[in-house]
Amino acid sequence: MERMIIFCVLFFCSSMVLTATPQKAMKYKQLVKTIGQLEEVVKDKDVEFLHTPENPVDECLFTAVTCFQNGTLKLQPKNSQVNSKFIKTVNILKRPILKDSGKQCESTCESYEKKSPKEFLKSFSKLMKKVINQSYRKSTI
Amino acid sequence: MAVPAAFLAPVLLLCGLGPRLAAAHGPTGVECVLFNEEYMTCLWGSRETLTTNYSLYYWYENRSPVVECKRYLWDRGVSIGCHFNQSEIVQFQPFHVLLNASLNGQALEIRSKRMELQDLVKPGAPVNLTIRNMSSNQLQLTWSSPYPKAQCLEHAVKYKSNKDTSWIEHGVKGDIFSFPSVDYEKYYTFYVRSKINSYCGSTQLWSEWSVPVVWGRNTTSLAEEQLQWFWIHTVLVPIASCLLLLVLVVLLVRMERVWVILMPRIPNPSKNFDELFITHNGNFQEWAGVPKDMLESFKPNYSESICYVSELPSRESHDPQWDGSNRPPGGPGAPAGPREHSPYQNNYVGV
């Protein structure tokens, strides 16, 4: 009887794990969409340039995402009319995205080149697309 | 005067030759396409536009050293492109390409722009297109893609019926396309193609259209069916009915029993009354056999004279009420005038 219960619990847990991974992909897809929305309402002229990680190595993925999230907080809306949409999208991007894998990263956020907000967001979007792409590749192997 | 002329001549020569040089040695750029993430080809021209052999060098930014292409693509003795294996392709890393050639001792170098290979993926065309008939006139089209990451794809379905003039295109996110209302009289053709969606890359490269799949009744088979029906209606049916008619006519003429059933004789009962009309000369009583003394009793043994009745115009407004029973026979109900002598001794006299 006990063995059956343990087996059922293990089976249940494994099925949860299987359903959990696609949800992450959904989360990342939502982030790509949100970044796209933010690109439409962000102010691009006469603003401070931000450190933009470009093609970080796998060990530096968490650092790069954190760098992007911190940079998002320095963005400003294009005009007062898009303020509500701007605040909504920035709040979505504040939420934790990746877990710290604990790997050692050699580059810091400040070591990356500074770019305009639109370029910054494009690179952010590209990074998320890389994460999605690689997560699908892992699931197909 | 001679100096400017000497100066002008090479300038004119260069001007004349320049465009020709540019036209002859003009790879406008390097175009790379990743086919289904299995291999990549980078092309820089064709036999017509190139006059010399170029060699290609590539590297990934901050990653790999500069490497020469291992497998060139040739067109009639001129290198026009390079073929990359799957192991030589890295996505999400900026990719740079350098074209080198030497022409008449001069080194030509063409540096291509920075490329992101994930934006240059062209997936393979969808395969195994199948149509399933769902309930209530609904069709479901499904397919599979040779591209390994199916979740990275978005698709487009294009279809047309044999009665339509233009194609209708629909974007589809998943692997299924539901066609809501299908007309069973029409003949439909479906094509599908794929593209990397915006969550896995930023590409505009669609795959090739798939092999088509069809549904419905084809008009050529319909024409055959119609031809069949035509033969039945216009040839077979008239002949059969004519034959039937012929058989009936023959039967009628030859067999009186059949004739009598179809055309019965109108009964003539006058034969029964031959006796009455011919023998007894229309005397019904004689033919019926009524006895003579009964005949006698019907004859009246009294004589009646006719009583003539006429109306006199009356001067007074009040007329005596005439009783129906007192009315003399032989006249309508009119006031009596002076009478002749009658057996009924009528005392009424009009006043």
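User: Which cysteine does C152(B) pair with in a disulfide?
Analyst: C152(B) is joined to C200(B), S to S 1.9 Å. A disulfide here is a pair of cysteine sulfur atoms within 2.5 Å. This is a predicted model: local features need pLDDT of at least 70, side-chain atom pairs count only at pLDDT 80 or more, and totals for chains, interfaces and linings use all residues. Residues are numbered from 1 along each chain as its sequence is written, chains are lettered from A and ligands numbered from 1 in written order, and side-chain values use heavy atoms, without hydrogens and water.

User: Is that link left-handed or right-handed?
Analyst: Left-handed, with -75 degrees about the S-S bond of C152(B) and C200(B).

User: Why does C152(B) count as buried?
Analyst: Because C152(B) has 0% relative accessibility. Buried means under 20% relative accessible area, exposed over 50%, partly exposed in between (1.4 Å probe, protein chains only). C200(B) is buried too, at 1%.

User: And C242(B), buried or exposed?
Analyst: Exposed, with a relative accessible area of 52%.

User: Switching to chain A. What does C60(A) bond to?
Analyst: C105(A), with the sulfur atoms 1.9 Å apart. The S-S torsion of C60(A) and C105(A) is about 105 degrees, so this disulfide is right-handed.

User: How many disulfides over all chains?
Analyst: The search of the whole structure finds 5.

User: What is the pairing pattern in chain A?
Analyst: Counting bonded cysteines in sequence order, chain A pairs 1-3, 2-4.
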